[in-house]
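Subject: Structure handover and notes

Dear colleague,

I am passing the structure on to you with this message, and the notes on what was found in it follow directly below. Please read them with the model open beside you.

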Amino acid sequence: MPKNPLKHLYSREALNAQPSAIRDICALVARPQVRSLAGGWPDPAKFPIKEIRRIFDDLMVKHGDQMLQYGSTEGLEDLREVLAERMKAEGQNDAAPENLIITHGSAQGMHLAAQVFIDREDVVIVGLPTYFGGPGAVHSRGGKVVGVPVDRDGLNPNRLVQDIKHLKAAGKRVKGVYVIPNFQNPTGVTLSLERRRQLVHLAETHDLVIFEDDPYADLRFEGKHLPSLKSMDRKGRVIHLRSLSKTFVPGVRLGWAVGESGAIRQMVVAKQFSDAATNTPAQYILLEFIRQGLLDKQIQENINFYRAKRDFMIEQMDRHFPREATWNRPRGGFFIFVELPNNMDAGELFRRAVDKNVAFVTGQPFFVDGSGHNTFRLSYSQVGEDDMAAAIQIIGNLIKDSLAGR
Ligand SMILES: Cc1ncc(COP(=O)(O)O)c(C=O)c1O
């Protein structure tokens, strides 16, 4: 049979879809001997396996019939209530079960939001660099993304305004902004308070939706929590996306979205034809985990655990990286972003590192305009101290070799 015999029947979006280069890199380096600082996966050492097992067993005895049944598309009502209360406690005063949908991860939240808001050729502004989930969801609808630089205070709103004006003048329909406000993937940067206000204001003046993708919100190691864009949103412009992957476990694929109730209703309709409902046992387990006070405990433990890992990685980088390489100190999340001198190529560094069984993710796939050749992302989330120390030393030596023209 010829390869792809049905290709002529594929949709335009499917023909244009590209696999994520980052997932490809992670798959490439999944060999057990590779010391990988590539994937942004949580460390399984922190998974609450015993508690989940105990809760699951109890629930099966008491509520096995409900728990194994289909659930409502918007998600378990009791769980939506509990999550809405948590959002209120964070300053989202309008959060209520009616404007909250439980999703299969924040990834599905973004996908549903794109289904509701994005038509072919619509433009969404994203960070340069940014995590691929936002652009991927927009592309899956035939939409386009345009990048705006992310600096040490996050996405730059002044550049955003300029771009919106240029795009509108060129006849484009700019629909929204995709932003990761806390400890952004891949840069680890947090959007400043002032810029959060500016962005919400811009959404009102330029008639935009903000897709606020906030999976790292609960993983702040130090400093004050900043209000979400959603909590500043008086006009229903923000779709706030959350994840339990980094605070509970990623394998259950749980997240939620909060937004204006009409938009959330539309997301529910889109979800009905996608997967009908989010995994019911996972929702019951999470609800019980929260009710027993275990989620808050787990979040605090994760904060301490990943803070120590961040500190350790930075210590190693200070020791082994030459001063020509620069990086940030993230105040939460999983990522450190490294910039090399402009004449260096992180792709070449990556190939040399893989030869030595060390991996990271090159920065370029995170730049929707193809720039960022001299950058790379390191993740401290998954790897233990010994491997981290060895990997950082190897990368540091390779950078020094490259600087010396070796
Ligand atoms: C910014 C960002 N959004 C979304 C996700 C996916 O989250 P989830 O597992 O909830 O789908 C990730 C995961 O790495 C992420 O970094």
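In these notes a residue is near a molecule or strand if its C-beta atom, placed from the backbone, lies within 6 Å of it. Please keep in mind that this is a predicted model, in which local features need pLDDT of at least 70 and side-chain atom pairs count only at pLDDT 80 or more, while totals for chains, interfaces and linings use all residues. Residues are numbered from 1 along each chain as its sequence is written.

The ligand site

Around the ligand there are 14 residues, of which Gly105, Ala107, Asn185, Ser243 and Ser245 come nearest. Helix α5 (residues 105-117) gives the largest share of this shell, three residues, where helices (H or I, at least four residues) and strands (E, at least two) are DSSP runs numbered from the N terminus. By class, the shell around the ligand has five nonpolar residues, eight polar and one charged; here Ala, Val, Leu, Ile, Met, Phe, Trp, Tyr, Cys and Pro count as nonpolar, Asp, Glu, Lys and Arg as charged, and the others, Gly among them, as polar.

Pro186 sits in the loop between β6 (174-179) and α8 (193-205). A further cis peptide bond joins Leu128 and Pro129, with omega about 10 degrees, and Pro129 belongs to the loop between β3 (123-128) and α6 (133-139).

The two domains

The protein is divided into domain 1 (7-47 + 296-403) and domain 2 (49-293), with bounds that come from an automatic or database domain assignment. Their C-alpha centres lie 24 Å apart, and 36 residues of domain 1 are in contact with 36 residues of domain 2, contact meaning that the C-beta atoms of two residues, placed from the backbone, lie within 7 Å. On the side of domain 1 that touches domain 2, the elements that give two or more residues are α1 (12-16), α11 and β11. The largest share of that side, nine residues, comes from α11, and by class the side has 16 nonpolar, 11 polar and nine charged residues.

Helix α11

The 27 residues of helix α11 (residues 294-320) should span 39 Å at 1.5 Å a residue, and the C-alpha atoms at its ends are 39 Å apart, which agrees; the expected span is 1.5 Å times one less than the number of residues in the helix. Within α11, the residues Leu295, Gln298, Tyr306, Lys309, Arg310, Met313, Gln316 and Met317 are buried. A residue is called buried if 20 or more other C-beta atoms lie within 10 Å of its own, exposed if 12 or fewer, and partly exposed in between, with C-beta atoms placed from the backbone. The cover over the buried residues of α11 includes α10 (280-291), β10 (326-327), β11 (335-339), β14 (375-379) and α13 (385-403).

The nonpolar core

In the largest nonpolar core, which has 110 residues, Ala113, Val177, Ile210, Ala257, Leu286 and Phe360 touch the most other members. Such a core is a set of buried Ala, Val, Leu, Ile, Met, Phe, Trp, Tyr and Cys residues joined through C-beta atoms within 7 Å. The largest share of this core, seven residues, comes from α10, and the core draws at least three residues from each of domain 1 and domain 2. Leaving aside residues up to four places away in sequence, Ala113 touches Phe211, Ile239, Ala257 and Met267.

Some single residues

Most residues other than glycine have a negative phi, and most peptide bonds are trans. Arg253, although not a glycine, has a positive phi of about 55 degrees; Arg253 lies in the loop between β8 (238-243) and β9 (255-258) and counts as partly exposed because it has 18 C-beta neighbours inside 10 Å. Asn4, in the segment before α1, has a phi near 50 degrees, likewise a positive value in a residue other than glycine, and with 8 C-beta neighbours inside 10 Å Asn4 counts as exposed. Finally, Gly405 is placed in the segment after α13 and is exposed, with 5 other C-beta atoms within 10 Å.

With best wishes
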